[in-house]
Amino acid sequence: GGKTDNFWMMGETGPCGPCSELHMDLSPEGDTAGSLVNADSHLCIEIWNLVFIQFNANKDGNYSPLEAQHVDTGMGFERVAAVMQSTSGFTDFSKPVSNYDTDVFRPLFDELEKLSGKTYASTLSTGAERTEQEETDIAFRVIGDHIRALSFSIADGILPGNADRNYVLRRILRRAVRYGRNLGFSEPFFHKLVGVLVEQMGDVFPELRERRELVEKTIRSEEESFSKTLDRGIDLFRREIADLGDSKELSGEFAFKLYDTYGFPLDLTQLMARELGITVNESAFESKMEKQRQRARDARKTTEIKIKEDGDDGRTTRFIGFDPDNLTRATATCQGIVRDGDNAFLLFDRTPFYAEMGGQVGDSGTIEMGGQTFSVSDVTKDASGHYLHALSGDLPADDPTGESAVLNLDLERRLSIHR
């Protein structure tokens, strides 16, 4: 093949080069002679890829030879396991090959069967109308896949939230919880799968075992929060669909209501609509979202505190709150205190406290310093990049600059904020 089939690029620019792919013919007779390669057929899947990294793609569209060239190779572990197990060791090619029919997912499915009372039967949807078993099997696959993605991500320090990659996790979690309704779950269940994954993968990913409590606590908190409004949102969705008549489009205004009032991400509403052959007016949804953002900007009231120029040594605060290990007992050095009437704000060289920004409020917690414990009620960030920890209650009697401190985040509140 040419560049379309045999050339790998990481993006519009960057290292790239020709590649060689290994595809496996899974047809019963094994005689498709390559006709199914890259044809989006379950009877032919790529299991290995070798990329000969020798060029750099430039912005102008040209390719420059790399000074250091190498071969980047990778095998799809789940795919190889699927081929081996689904074919009974390459002896039976009569059924579709699936990653989900392997030991990778079987422990999770066993636990799901135990919790739900339903059975995974490996069915695949073939028509417009799905059977009850097909709906059940889809739910198993979504939940099994999503608990892996969430658990590994949270163990790596990424928490569900309202922006960027944090919001991706929240969307994944809420999608899984919604599919849990298809299995009959009305109470939190998703977090109960974490222990199975830890037993299965903890030796290979020790951070998963070390941070099990954080993973379970985070997922449960998110799940409990969303479950409170999920059923109400689904009920409103069904009523809205019933009132559509012959229309095949759900209004953006209604999708926004589900998002704003019930926490439904747009893609979850689109998913439920797509299952019924209905689209969502996305442009109208985005228009409502932008109006809300503008109202938030207009109404946002914060206290802008500037550090005096003669007291600013140019150092900014380093945020360390993405690492779960730093959320409690994080050590830091006090860089100063800013007093504004009865208010006082502590500055540190680093902090796990999230500062108010992007529509999310700041963290709270405690600071241990100089034999005293101070309460932090809020955190803001000034234009110079300093995180200002607002104190409530007792204030330092003396200048604490240079003192060592231990910073403790209020984790329960952090998780509540992320909901």
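**Close-up views of a predicted model**

View 1. At a relative accessibility of 32%, Ser 122 counts as partly exposed, because its value falls between the 20% limit for buried and the 50% limit for exposed. This model is predicted. Ser 122 lies in the loop between α2 and α3 (132-155). Although Ser 122 is not a glycine, its phi is positive, at about 65°.

**View 2. Asn 38, a residue between two strands.** Asn 38 sits in the loop that runs between β2 and β3. Its phi is near 60°, a positive value in a residue other than glycine. Is Asn 38 buried or partly exposed? With a relative accessible area of 47%, Asn 38 is partly exposed.

**View 3. The sheet of β1, β2, β3 and β4.** Strands pair through backbone hydrogen bonds, in a parallel or an antiparallel way. Here four strands form an open sheet in the order β1-β2-β3-β4, and the pairing is antiparallel. Which strands stand at the edges of the sheet? They are β1 (7-9) and β4 (63-75); each has a single partner strand, so one side of each is left without a neighbour in the sheet. On average, and with direction ignored, neighbouring strands of this sheet are turned by 30° against each other. Helix α1 packs on the sheet and touches β2, β3 and β4. The direction of α1 makes about 155° with that of β3.

**View 4. Strands β2 and β3, side by side.** Strand β2 covers residues 14-25 and strand β3 covers residues 44-57. The two run antiparallel and are joined by ten bridges. Met 24 stands opposite Ile 45 in β3, and Cys 19 stands opposite Val 51 in β3.

View 5. How many bridges pair β3 with β4? There are nine, and the pairing is antiparallel. The hairpin of β3 and β4 has five residues between the strands. In this hairpin, Gly 61 takes a positive phi near 95°.

**View 6. Thr 87, a buried loop residue.** Thr 87 is placed in the loop between α1 (77-86) and α2 (106-116). Its relative accessible area is 1%, so Thr 87 is buried. Which residues is Thr 87 in contact with, leaving aside its neighbours within four places in sequence? They are Ala 82, Asp 92, Phe 93 and Val 97.

**View 7. Helices α2 and α5 packed together.** Helix α5 is formed by residues 194-201. The axes of α2 and α5 are 9 Å apart, and the angle between the two helices is about 155°. The two helices are therefore roughly antiparallel to each other, because an angle over 145 degrees is counted that way. The contact is made by Pro 107, Leu 108 and Glu 111 of α2 and by Val 196, Leu 197 and Gln 200 of α5. The crossing in which α2 passes α5 is right-handed.

**View 8. Helix α3, largely enclosed.** Helix α3 has 24 residues. From its first C-alpha to its last, α3 reaches 35 Å, close to the 34 Å expected at 1.5 Å a residue. Of the 24 residues of α3, 19 are buried, so the helix is largely enclosed by the rest of the structure. Just after α3 comes Gly 157, with a positive phi of about 105°.

**View 9. Helix α4 and its buried residues.** Helix α4 consists of 19 residues, 164-182. It reaches 28 Å from its first C-alpha to its last, close to the 27 Å expected at 1.5 Å a residue. Among the buried residues of α4 are Leu 169, Leu 173, Val 177 and Tyr 179. The buried residues also include Arg 170, Arg 174, Arg 178 and Arg 181. An α-helix has 3.6 residues a turn, so residues three or four places apart point the same way. Gly 184 follows α4, and its phi is positive, near 90°.

**View 10. Asn 326, between β7 and β8.** Asn 326 is found in the loop between β7 (318-319) and β8 (330-340). With a relative accessible area of 17%, Asn 326 is buried, because the limit for buried is under 20%. Leaving aside neighbours within four places in sequence, Asn 326 is in contact with Ile 320 and Pro 352.

Conventions
Residues numbered from 1 in each chain as written. Predicted model: local features only at pLDDT ≥ 70, side-chain atom pairs only at ≥ 80, totals over all residues. Heavy atoms only, no water. Expected span 1.5 Å × (residues − 1). Buried < 20%, exposed > 50% of the residue type's maximum accessible area, 1.4 Å probe, protein only. Contact = heavy atoms within 4.5 Å. Pairing = 2+ DSSP bridges. Axes fitted to C-alpha atoms, helices over the stretch in contact; angles between N-to-C directions. Parallel < 35°, antiparallel > 145°, perpendicular 65-115°, else oblique. Left-handed = near helix turned anticlockwise from the far one by under 90°.
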